[in-house]
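Subject: Structure for you to look at

Hi,

Here is the structure I promised to pass on. Please open it alongside this note, and my findings follow below.

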2 protein chains.
Amino acid sequence: MYAAVCEAKESGVNNIDEYIREQAASLKAARPTAVNLAWAVNRQLEIISAADGIDNKIRAALEEARTICEDDVEQCRAIGRFGAEIIKEISEKKSGEPVNILTHCNAGWLATVDFGTATAPIYQAVQDGIDVHVWVDETRPRNQGAKLTAFELTQEGVPNTLIVDNVGGHLMQQGMVDIVIVGSDRTTYTGDVANKIGTYLKALAAADNNIPFYVALPSSTIDWQIEDGVKNIPIEQRDPAEVLLVDAVVGNKVVEVNIAGKGTKAANYAFDVTPSRLVTGLITERGVCAASAEGTLGLFPEKQDELS
Amino acid sequence: MYAAVCEAKESGVNNIDEYIREQAASLKAARPTAVNLAWAVNRQLEIISAADGIDNKIRAALEEARTICEDDVEQCRAIGRFGAEIIKEISEKKSGEPVNILTHCNAGWLATVDFGTATAPIYQAVQDGIDVHVWVDETRPRNQGAKLTAFELTQEGVPNTLIVDNVGGHLMQQGMVDIVIVGSDRTTYTGDVANKIGTYLKALAAADNNIPFYVALPSSTIDWQIEDGVKNIPIEQRDPAEVLLVDAVVGNKVVEVNIAGKGTKAANYAFDVTPSRLVTGLITERGVCAASAEGTLGLFPEKQDELS
């Protein structure tokens, strides 16, 4: 949004407020499932509209961006502290044996400003001296697990093993997973969790094997309007090419290569919704709560007014 | 085994029976989870041992191989007929709207002699004039769905859409799957199903959404010794390179390319076990039965003596 206001000044747009509103709408439409982006854009829109004159608008946008950025770091740290407590409890039950954590996609420092959401409890636990080992779902079709999470964890010295998305159920069945922690793109205040496609399958396996399934999220990803996430959260469909082509290292270059036969038809649903009944708890910047209206409103009572 | 006896003759092996037993043991050890290979090797071993003289052994091995081959075709056809009845019933309930079938891995004519196991009911249904559409799991890490099943179905003119393994749960939740049909590498007589890794996750999602989950299998893959498949079926672990590298089309060639960061550690479990409670029914060459000892022994009463 800061860039949009600067652009408005440079190109001498006539109706600045209208231009900013259009840019905001276009940004928000880019991700129909995730709400964090829309939340940040709305914050900016309010600040920018309230400021008088283009230079004040630019200053206000930059300042708000910095605040959002600092808040994000602080919230991720808080999520880390609350989540690490859960990992610590498991570690104590296992007499210090490594806690096996399974995660899906990337909700680490490559996806946030710093520390991450789903990875924050892991980093905090490691800083607190707890032994952990992370099973990293590769997360097809974009392979964020293979490309980002495994890289991040290795950079931080956290023991990790990459697995294909099909493996988690087997590991849980065989007692090789102690806890699942994932992030979220949108969580209803009733506790239904939209996250990267495949999360629902891992939640089912966790429930079937009595393994705690936690979702780490800043409250900005909570949707206070929608009650039934499975029915009412729109699921982004993306280019089928993401399924048919993968990024690969060929020689010294990263290139896109075809992994399916010529003429293969593919569909690409980017997210799914895990019903609250499969979620052990939500780890937020204000603490851990049940995946229910009672849980989220208990931690964020000021949101009562926003319910539709 | 035919090749092994020919080899024994050509290289002038002294103790032929011992050589054949060694070759048989080595072949059987190649696939710890699947039992079909061991079953065929044992059949051959018996026939070859019983024949006198190397030339008779060679003739007997070839003849037995042909019999196994013909039996396989006939069994797959029978599985197709019984399975197509189930698809037909769903088609009638949907007033002829296309039946959406989800399958995992490849149990088609590229994996069997002809017609396949999991695909046999699909091919039969199509031949019977029933409208179907198949969701094809790509089946990481080896991508048998993308490379084999999608190709096979397209060759046979069966409408199909390739999806990543993460998608099935979402599709089932949204009413976009009417039935799941998979094959099996080993099924206990009590109905626990070892199949390609990830099958268990699809079975969980099917159960969670009241979608019928069928396993198509020739009786040669039934294990009449093991009662608890989750505890006692050994799961084959394969080279982690299968996770880190994929076959891709670069230019006009199929080459292996790296899809993970340098130094990434991976684990590669090839199969998982779906507990009988998640299986709606087994489609065998003798008919459809419940995934239970009562079910399998009802169709194969002569196996009662083999139970341990």
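Let me begin with a loop: N210(A) sits between α8 and β7 (213-216) of chain A, where helices (H or I, at least four residues) and strands (E, at least two) are DSSP runs numbered from the N terminus. The phi angle of N210(A) is near 55°, a positive value in a residue that is not glycine. Most residues other than glycine have a negative phi, and most peptide bonds are trans.

Some housekeeping before the rest: this is a predicted model, in which local features need pLDDT of at least 70 and side-chain atom pairs count only at pLDDT 80 or more, while totals for chains, interfaces and linings use all residues. Residues are numbered from 1 along each chain as its sequence is written, chains are lettered from A and ligands numbered from 1 in the order in which they are written, and side-chain values use heavy atoms, with hydrogens and water left out.

The peptide bonds also have something to show. R140(A) and P141(A) are joined by a cis peptide bond with omega of about 10°, and P141(A) belongs to the loop between β2 and α6 of chain A. In chain B, the bond from R140(B) to P141(B) is cis too, with omega near 10°. P141(B) is in the loop between β2 (132-137) and α6 (144-155) of chain B.

Now the pairing of the chains. In the interface, 57 residues of chain A are in contact with 57 residues of chain B, contact meaning heavy atoms within 4.5 Å. Because 100% of the interface residues of chain A are also interface residues in chain B, the copies meet through the same surface.

About 4,300 Å² is buried between chain A and chain B, with 58% of this area from carbon and sulfur atoms; buried area is the accessible area (1.4 Å probe) that two parts lose on being put together, summed over both. Four salt bridges are counted between the two chains, each being a side-chain nitrogen of Lys or Arg within 4 Å of a carboxyl oxygen of Asp or Glu. One of the pairs joining the chains by a salt bridge is D208(A) with R277(B), at 2.9 Å from N to O. Chain A and chain B also have 24 residue pairs in polar contact (both at pLDDT 80 or more). A polar contact is a pair of N or O atoms within 3.5 Å; within protein, one must be able to donate a hydrogen and the other to accept it, and residues adjacent in sequence count only if both atoms are side-chain atoms.

Which element gives the largest share of the side of chain A that touches chain B? The answer is α8(A), with six residues. That side divides into 32 nonpolar, 15 polar and ten charged residues. Here Ala, Val, Leu, Ile, Met, Phe, Trp, Tyr, Cys and Pro count as nonpolar, Asp, Glu, Lys and Arg as charged, and the others, Gly among them, as polar.

Within chain A there are two domains, domain 1 (2-67) and domain 2 (82-306), with bounds from an automatic or database domain assignment. Their centres, taken over C-alpha atoms, are 30 Å apart. Eight residues of domain 1 touch 13 residues of domain 2, and the area buried between them is about 840 Å². The rule finds one salt bridge across this interface; R31(A) and E236(A) form a salt bridge at 3.0 Å, N to O.

Lastly, K202(A) in helix α8 and D137(A) in strand β2 (residues 132-137) of chain A are 65 residues apart, yet they form a salt bridge with their closest N and O atoms 2.8 Å apart.

Best wishes
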